[in-house]
Every structure is written in structure tokens, then in C-alpha cells.
Amino acid sequence: MKAIDKSDFSEFVDNLIEDDDREVVGVQKKDSKFAFDPLYESDDLRLDYDTTILPPKKYFMPQRETLIEYNIEKGETTPVNRVVPRIILGVHPYDLVAIGQMDKVFEDTHEDPYYLEKRRQSVLVGVNMENVSDKSFASTMGTATIDSGYDLMLTDIGDRYAIEVGSSKGSSLLEQAGAAVDDAKPEEIRKVKQFKEDLPEKFRSDPEFDPFELPSLLKEYYDNDEFWEENSEDCLSCGTCNLVCPTCYCFDVKDVNDISLSEGERMRTWDGCMLEEFAEVAGDENFREEKAARYRHRYMRKGRYMYNRFGDIACVGCGRCSEQCLPDIADPVDIFNQMKEGTS
Amino acid sequence: MKPRVAFFDFAGCEGDQLQVANLEERLLDLLELVEVVNFREVISQKSDDYDIAFIEGSIATDHDAERLEEVRENADVLVALGSCAAIGGINSIRNSQDPKEVEERVYGDDADKIEAWDKAKPADAVVDVDHYIYGCPIDQDEFVHVVESLVQGKEPKIPTYPVCVECKMNENVCVFSRNGGDKNVSSAKREVQVPGSQKVEKGPFCLGPVTRAGCDSKCVNEGTTCWGCRGLVDNPNQNAHKKVLDKYGLTVEEVLNKFNLYFGWQQEERKNE
């Protein structure tokens, strides 16, 4: 473990902004919330944030991106992958877990060069959670702390940050901080250990389930139409819970022609299974026409389908869906608790 | 042969045609695809020989209806351009009020000269409409997309989901969370200064959750709220949305006022379904 004085860390970040060819992004205040955004000075970096509006997945799978440029007249297509190499500062452990899951998804079956190349060219600097969002249940999901999946991991230990190095990418980034970085002292290492041990107390205490129970609970509830209808009654089908989720990766692909109709771009944009048209296919058939069916699908995917395919529970407990759902019906803890109570 | 395009205006401000005129250099590109034969804001030529008709404005008099029926007969494809033609729009605010009172309020002593219908209607209340371009005013990119799709014989793709989708993608702070608002605090009554005036009103509140997207949430991006100008989504969950507005402290009457700004006609239609 390494450590750096906070003032030296700020200088290090300012130097990266100034000198490094990569774009430096970090968590910053946005009105009453926080968001990952390009960083122009280290003072704007808020490593004490609770959670961000969108997860950092937007850097590997942008909301809108061009896949191919084509020229209809010439019959030419050109693959395009607009990669911006980035240093991403301040990723919480649950988001790192989510990124690890996404890596598996985008590597599996058909490697997705658009995602993977952006991943390869980015450096993830994590930070342990000093403040915890009211809705987060990461400790229940086992994602409040993490031993790998980052290039560097910071922990606030007072006047200094302790730094765990997770990869050679991370250690070469840290070399740019030069002599300001030294080995962490044993009491600093002890502080980090203690910090992680004390962390669960900061989380909400209402979850009554264990993550490993979710696949079987969900299986049991699959056919309970009444349960899904009741819980989805107030769903606005606005897709917020999908869009803000760090493990939702569905996208739509469309061709956008230039007004000349001679050239255009094939784009992909974020999509979400809560949106009405998501499961609509040719012939106007919609496999999940009712909001209850869509609502169920989201939970099945988080707690069962991804588990069956990759062995991961695809909910990392960040609490974003719950926090941002206006009718307040997207809290996974509420749903999982109800199931647990109903079966015990 | 290029499709011949005509624009017609009814009860409206012509702001949507202005959006088309303001395409500027893109308008020249567009003219490579279509031939414009009727467009009062731009050309003086007039013709009854056209393939695609764009209708702007609500339909509010017998004379409007006759004109519109004539256009429908002449055109192969009829497109409602902008909220007044597509959903009734602002004009339908008056639909829930006493028509006599409205006429007197606006025209005073001349009120009896007015032969308007009791309700302002969208184009499809009178004739069949093939395509809709929503917005007050319309979005230029969407207009170009629709024209381009029609020229190619493709179905234009207009979002069926609410504005929240685009707003989230733009990572806006939710309007309901602004000024330290917290959706988890029930009946949180908040008051905000209306920008540029001394007026203080409750809020902010947002109609984004039930309004059709396609505007890239531009009003919220710029710091204001969604007023619902693109009309309701096909299957809005208005009950859930009312509960949300109620939670933030809006009374039933205030909620209906918000909905009435653009949703007047659609609300009535939904009631009759």
C-alpha cells in the first residue's frame, strides 16, 4: 500500500489535467447531486460524494455513439470507434464491481470492440465510500469494498490518501506523482482495514435477504402476476431505473442519414427494458406489452438471468434506481424483502 | 420526380413553419429532395398540386374544416406539423372553459362576430392524419427526419417514451430534486422564484414523466422544466404522475392546470375512450 498527502494528491491531479494526454474526468457537484464530468481543476473533485446521477458506464458505452459511417452513393462503410483515453477519478467499489460484470458481458460471445477499446484505454481510480447514499445497500450486496477491479484505490485517512495499487496501469499512473508518493505506514494500513470494517454501519439496515437467495426467490415469484401488477401499478415506463443502472447495457441501433441522403451514420443509443417499445418486434407484436411484465423482467434480469449466465447478481446495491424513481417503486430492497417475507 | 410539398396554416402562430424556414442552409439541402409549392412564409407561389401537405395550427371553425378537407383530398400524405395541429396544443386550453366567456374576454364587444367552435381541435379530429411532428415549436432535426423518411418511403421514427429518458441520458439533475428538493420527503412544499420576475411559485414541477420525448429534453437541459408541449405519450400513467405531483405539494386544481396547458384535447379524448 502507498500513501500521499492530500495537498500533493491535488497537485498530482492538476498535473495530470495539465500534462497528461488523456482526458481527466472525476466526480463533481451538479446542483444538489453529483456527476462524473471532465475535470478542469483538482479543487472541483469531490471524492466525498455519496453517489452520482449516472454511473461511469457512460465512458465505455456512451449514451449515443457512432458505430459505422456509410456512403450510400459510393457503397462504402467505415467502422468508427471514437475512443477518448481517460483517467477516471473517484469510482466507488460498487461501480467497479458493475464494470467488472460489464466487461464479461461485452467480451462474451461477440467481443464488442466499441466497449472494450474504451475500457482498455481508460484508467480507473477508485475511492472507498466516505459518504453513503440513503438508498444504497452495497454492503448487503457485498460490493461496499473490493479487492480488485481498479487500477488504483484511494481511501481517505485524514490528511492523506492511502492508495492500493491494483494493476500495472495504476502503478505507472502513480509514478507520475513522483516522490510525493511513499509507502503507507503500518498504522495507515491498519486505518484502511478499520475503515472497511466500519463501513457497513453506514448503510441502510432494512435489507432482510442475502444476495445468494435472490435467484431462487425470483424463480418462485415469476408466475405471481398479482405481485408484479401491484408493485408496478405506478410505473411511468420512463426507463429511469434502467438508464441510471450500472449493469444495464441494452442498446438500440439506428441509421441516421444526412439530409443529402447520400451518407449517414449507424448509431447506437441506450435503451431500457422498462420502455414500452423495448420488446416490440416486426408485425407490431410486443412480448412485454404490460408494465407488470416489463417490471418483472428487470428484476429477473438483475437477480436471476445474469446469475444463470455469468454467476453474478447484476444488482450491486448502488441505490440509484431507488433514489431516482419518481413514483418510488424501484427499490430492489423493498421487492426482495417482500419476497423474502412472502416465502418465510 | 421530387415529391411536391405544401404548407398550410390554421389557428396557430406559424412558429413551426418558421422553424422550417429557419433551417437556412439545410433548407437548401431539403429542396434537393422535395419541391415546395406552397409555403406562405417563404414563397409567393401557390398550387393545389402537391403530394405531401404539412398542416400547422388547430382547427377551430367550419371554414377551417372545409379548407382542411380540401387539403386532405389533394394530398397523398398529410402531416400534422406542431402541437396545435398534432394534439390541439395551446389553443385547447380554452376547451374546458365557457366559450362565451372566452370570446368576450378576448374580443370584447366584437365577440358576437366570432364563429369559432366551442373547442379547438387537432387536425385528426376532422380528417385522417398520416404522420405527426410534435413540439411547440417543432424540433428541426425531427422535421428533417420525417421529410427524409417520407421521401424514402420509410416510416418516421418518433419516440413513444417520455422525456425522462432523454433527460436521464443528458444526466440532468431531476427537476423534482432541484433546490434541494427530495422526493422522499412527502408533501415537501417548495417555493421558487420565477426567473426574471418577482413572482414566486411552487415547484419546480415537471411534466416530463408523461410527455412524449424527441426534444432531447432541451427545456430541462437549459434549467427550466418540461411543460408538455409534445403531448402525452401513447399510454401515460397519469395517475402515478398525479401522485408524484401531489407528493411535491401540488393541489388537484394546480395539477389539472399544468395538464391543461398542452394536454387539453388529449385529456378529453382519453376520458371518452
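The model is predicted, so local features need pLDDT of at least 70, side-chain atom pairs count only at pLDDT 80 or more, and totals for chains, interfaces and linings use all residues. Residues are numbered from 1 along each chain as its sequence is written, and chains are lettered from A, with ligands numbered from 1, in the order in which they are written.

Two residues are in contact if their C-beta atoms, placed from the backbone, lie within 7 Å. Helices (H or I, at least four residues) and strands (E, at least two) are DSSP runs, numbered from the N terminus.

Axes are lines fitted to C-alpha atoms, for helices over the stretch in contact, and angles run from 0 to 180 degrees between N-to-C directions. Angles under 35 degrees count as roughly parallel, over 145 as roughly antiparallel, 65 to 115 as roughly perpendicular and the rest as oblique. Arg26(B), Leu30(B) and Leu33(B) of helix 2 meet Val144(B), Val147(B), Glu148(B) and Val151(B) of helix 6. This contact has 5 nonpolar, no polar and 2 charged residues.

In chain A, helix 8 (residues 225-232) packs on helix 10 (residues 291-310) at about 100°, with axes 8 Å apart. These two helices of chain A are therefore roughly perpendicular to each other. Helix 8 contributes Asp225(A), Trp228(A), Glu229(A), Asn231(A) and Ser232(A), and helix 10 contributes Lys291(A), Ala292(A), Tyr295(A) and Arg296(A). By class, the contact has 3 nonpolar, 2 polar and 4 charged residues.

The largest nonpolar core has 160 residues. Such a core is a set of buried Ala, Val, Leu, Ile, Met, Phe, Trp, Tyr and Cys residues joined through C-beta atoms within 7 Å. A residue is buried if 20 or more other C-beta atoms lie within 10 Å of its own, exposed if 12 or fewer, and partly exposed in between. Ile88(A), Ala53(B), Ile55(B), Val79(B) and Ile133(B) have the most contacts inside the core. Leaving aside neighbours within four places in sequence, Ile88(A) is in contact with residues including Val25(A), Phe36(A), Tyr59(A) and Leu124(A).

Val5(B) is found in strand 1 (residues 4-9) of chain B. Val5(B) counts as buried because it has 26 C-beta neighbours inside 10 Å. Ser133(A) lies in the loop between strand 7 (122-127) and helix 4 (138-141) of chain A. With 22 C-beta neighbours inside 10 Å, Ser133(A) also counts as buried. Ser133(A) and Gly319(A) are 186 residues apart in sequence, yet 7.4 Å apart in space, C-alpha to C-alpha.

Key:
Nonpolar A, V, L, I, M, F, W, Y, C, P; charged D, E, K, R; others polar.
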